[in-house]
Amino acid sequence: MIVRKIIKTQEQLFLSLNHLLWPATCMHCHSLIGSGSEILCGDCWQGLFDSTNSDYCPSCGVQVSRYAIIDGKCNRCVASNNNYDGIARVSTYSSTLRSMILSLKLSDKQEYLKILSSMLRSSLDGRAFPQEIDYLIPVPIHWTRQLSRGFNQSLLLAKELGDEYLVIDALARIKMTRMQPGLSPAGRKRNIKGAFALRRGNNIRGKNLCLVDDIKTSGATLNECAKILKDAGAAKVYALVLAVADKVNS
Ligand SMILES: [Zn+2]
Ligand SMILES: [Zn+2]
């Protein structure tokens with residue numbers, strides 16, 4: 001008992017000293033924060049949670065007033081036919097969430113996985129489709145990109161949800177595509193066509209699936225992945241993403 005107390009006191013002393021020498025700063029705005037275990041300051045947390053509370057189209061994820069949604073679709077979804085059957089998203093591509101996603105992808109900040117996946121889990125709450133899901137399927141990246149980055153962030157995010165859902169890495173990215181920013185919606189569609197294939201040995205016939213990705217922009221990637229899965233016999237294909245960039249929707 002006494003030994004445990006001494007160890008605890010030493011741990012606290014070490015943490016205090018550590019905090020004095022390297023004071024914790026908010027990963028987004030870099031202001032000093034009180035606790036070494038926090039990653040964001042109070043203002044950035046607030047901004048992040050505010051951005052998660054906005055209404056969005058349950059069909060495409062674009063931010064839209066709930067009064068502009070008719071039969072589960074915004075007017076852009078009525079005009080276009082998505083291959084996926086619905087979406088849950090955490091937020092718009094807000095500056096704080098954007099910082100966290102970029103840090104995870106480009107700086108290998110895998111310590112953000114827990115918080116990002118818990119936000120994904122919350123975004124599923126209140127939606128009807130999570131009860132239907134048989135498998136989560138991460139959107140794959142090309143093997144050359146995986147080699148340079150060392151991981152596929154969508155697979156890691158899906159695995160964090162793996163205590164509640166079965167995860168199968170069923171899709172492969174067989175074509176190295178150009179980075180999509182700057183491309184028109186039609187250009188994105190052309191760019192991504194033929195980029196994915198179902199890996200052998202995955203029987204998804206009659207199953208309800210949910211794609212997992214970090215960001216949805218035009219929806220061209222989700223549409224192409226959903227097409228491959230439905231062509232292979234999937235019943236329903238939903239999508240779960242951290243952020244939806246609102247500007248375009250194909
Ligand atoms: Zn901050
Ligand atoms: Zn929509």
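Trainee: Which residues coordinate the zinc ion (ligand 2)?

Mentor: This is a predicted model, in which local features need pLDDT of at least 70 and side-chain atom pairs count only at pLDDT 80 or more, while totals for chains, interfaces and linings use all residues. Residues are numbered from 1 along each chain as its sequence is written, chains are lettered from A and ligands numbered from 1 in the order in which they are written, and side-chain values use heavy atoms, with hydrogens and water left out. Donors are N, O and S atoms within 2.8 Å of the metal (3.2 Å for Na, K and Ca); water is not among the atoms, so sites may look incomplete. At 2.3 Å, the SG atoms that coordinate the zinc ion (ligand 2) belong to Cys57, Cys60, Cys74 and Cys77.

Trainee: What is the arrangement of the four donor atoms around the zinc ion (ligand 2)?

Mentor: Four donors count as tetrahedral if all angles lie between 85 and 135 degrees. Ideal angles at a metal are 109.5 degrees for four tetrahedral donors. Around the zinc ion (ligand 2) the four donor atoms subtend angles of 100 to 114°, and therefore the arrangement is tetrahedral.

Trainee: What spacing do the donors of the zinc ion (ligand 1) follow along the chain?

Mentor: The zinc ion (ligand 1) is coordinated at 2.3 Å by the SG atoms of Cys26, Cys29, Cys41 and Cys44. Its site is tetrahedral, with angles of 102 to 118° among the four donor atoms. Along the chain, these donors follow the spacing C-x2-C-x11-C-x2-C.

Trainee: Is Cys29 buried, exposed or partly exposed?

Mentor: Buried means under 20% relative accessible area, exposed over 50%, and partly exposed in between (1.4 Å probe, protein chains only). Cys26 counts as buried because its relative accessibility is 0%. Cys29 has a relative accessible area of 38%, so its class is partly exposed.

Trainee: Which exposed residues does helix 8 carry on the face turned away from its buried side?

Mentor: Helices (H or I, at least four residues) and strands (E, at least two) are DSSP runs, numbered from the N terminus. The buried residues of helix 8 (residues 185–192) are Gly187, Arg188, Asn191 and Ile192. They cover an arc of only 120° around the axis, which puts them on the same side of helix 8; the arc is that of the directions from the helix axis to the C-beta atoms. The face turned away from that buried side carries the exposed residues Lys189 and Arg190.

Trainee: In strand 7, which residue is the bridge partner of Ser91?

Mentor: Two strands pair if DSSP finds at least two bridges between them. Strand 1 and strand 7 (residues 236–244) pair in the parallel sense over five bridges. Six of the six residues of strand 1 (residues 87–92) are buried, so strand 1 is largely enclosed by the rest of the structure. In strand 7, the bridge partner of Ser91 is Ala243.

Trainee: Which side chain does a polar contact of 2.9 Å join to that of Lys105?

Mentor: Lys105 lies in helix 4 (residues 95–106) and counts as buried because its relative accessibility is 17%. A polar contact is a pair of N or O atoms within 3.5 Å; within protein, one must be able to donate a hydrogen and the other to accept it, and residues adjacent in sequence count only if both atoms are side-chain atoms. At 2.9 Å, the side chain joined to that of Lys105 belongs to Asp214.

Definitions and conventions. Tetrahedral: all angles 85-135°; square planar, octahedral: opposite > 155°, others 65-115°.
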